[in-house]
Amino acid sequence: MTLTPVLTTERLTLRPWQVEDAPAALDVYGHTEVTRWLSPEMDQVPDQAAMRLLLQQWTAESVRLPSPVGRWAIQRDSDGLVIGGAVLLPLPPGEEDLEIGWQLRPDAWGNGYAAETTHALASWAFSQDAHEVFAVVRPDNTRAAATVRNNGMHWVGETTKYFGIELQVFRLRVADLDSAAPASLRPPTRD
């Protein structure tokens, strides 16, 4: 049994989800502005009961996941509010590539929380012998693409390999966490 570790940043605590987080989690996964960008596709969670069931499923899955894989609640330290979720999960089809991701409630966007979360998760993954992590971003999600590039991730192409939908792929390696590392190439613009 693997326990999801608690990770901390300057302003955040990333901790395992709890069923009691359902109201706060619904403030994230109950918004179409959040769920429409997720891969695999996920419908907006309709109510607290459905959110509790999903949290129970995530909690049960976490005990079977090998390190560094996991799901975290993102809690803001200044007020204790859960403002989002974060993942390190194996990508299909071969589960060889490790996806790094985050989902924040819309009123938490634009505060650098995604950057802090990405850095904490990547640092954790690299400390557990992962050599690289990938972010998969829907082509029209310019906010997420900008965030991953600002975190040192490099665009490596587009693919339908993961989840059967067109996604931009960004990669982060240990050396990319260095703020002096060269900036990432940008994906080609769409007409």
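Where is the place of Pro93? In this predicted model, Pro93 is placed in the loop between strand 4 and strand 5. The model is predicted, so that local features require a pLDDT of at least 70 and side-chain atom pairs count only at pLDDT 80 or more, while totals for chains, interfaces and linings use all residues. Residues are numbered from 1 along each chain as its sequence is written, and side-chain values use heavy atoms, with hydrogens and water left out.The peptide bond from Pro92 to Pro93 is cis, with omega near 10 degrees. Pro68 belongs to the loop between helix 3 (48-62) and strand 3 (70-76). Helices (H or I, at least four residues) and strands (E, at least two) are DSSP runs, numbered from the N terminus.

Strand 4 (82-90) takes part in two pairings, where two strands pair if DSSP finds at least two bridges between them. Strand 3 and strand 4 run antiparallel and are joined by six bridges. Within this pairing, Val87 in strand 4 is the bridge partner of Arg71. The hairpin of strand 3 and strand 4 has five residues between the strands, and Gly80 takes a positive phi near 75 degrees there. With strand 5 (98-104), strand 4 pairs in the antiparallel sense over seven bridges. Here Leu89 stands opposite Glu99 in strand 5. Eight of the nine residues of strand 4 are buried, so this strand is largely enclosed by the rest of the structure. A residue is termed buried under 20% relative accessible area, exposed over 50%, and partly exposed in between (1.4 Å probe, protein chains only).

Helix 1 (residues 22-29) is mostly covered, with six of its eight residues buried. These are Ala22, Ala24, Ala25, Leu26, Val28 and Tyr29. The buried residues of helix 1 pack against helix 2, helix 3, strand 4 and strand 5, where contact means heavy atoms within 4.5 Å.

Helix 4 (residues 113-127) has 15 residues and reaches 21 Å from its first C-alpha to its last, close to the 21 Å expected at 1.5 Å a residue. The expected span is 1.5 Å times one less than the number of residues in the helix. Eleven of the 15 residues of helix 4 are buried, so the helix is largely enclosed by the rest of the structure. Among them are Tyr113, Glu116, Leu121, Trp124 and Phe126. Helix 4 is followed by Asp129, which lies in the loop between helix 4 and strand 6. Phi of Asp129 is near 75 degrees, a positive value in a residue other than glycine. At 64% relative accessibility, Asp129 counts as exposed.

Strand 6 (132-137) is mostly covered, five of its six residues being buried. Strand 6 pairs with strand 8 (residues 167-173) in the antiparallel sense over six bridges, and Arg171 in strand 8 is the bridge partner of Phe134. In the loop between strand 7 (154-159) and strand 8 lies Phe163. Phe163 has a positive phi of about 65 degrees although this residue is not a glycine, and with a relative accessible area of 28% it is partly exposed.

The loop between strand 6 and helix 5 (142-150) contains Arg138. Arg138 is buried, with a relative accessible area of 15%. Not counting residues up to four places away in sequence, Arg138 touches Arg36, Trp37, Leu38, Ser39, Glu41, Ile165, Glu166 and Leu167.

The largest pocket has a volume of about 860 Å³. Of the 40 residues that line this pocket, Trp37, Leu38, Gly101, Trp102 and Gln103 are the closest to its centre. On a 1 Å grid over the protein atoms alone, a pocket is an open set of points where a 1.4 Å probe fits, with protein on both sides within 12 Å along at least five of seven lines; lining residues have an atom within 4 Å of a point. Grid points are joined across faces, edges and corners, and the volume is the space filled by probe spheres set on the points. At least two residues of the lining are supplied by each of helix 2 (32-35), strand 4, strand 5, helix 4, strand 6 and helix 5. The largest share, six residues, comes from strand 5. By class, the lining has 26 nonpolar, eight polar and six charged residues. In this scheme, Ala, Val, Leu, Ile, Met, Phe, Trp, Tyr, Cys and Pro count as nonpolar, Asp, Glu, Lys and Arg as charged, and the others, Gly among them, as polar.
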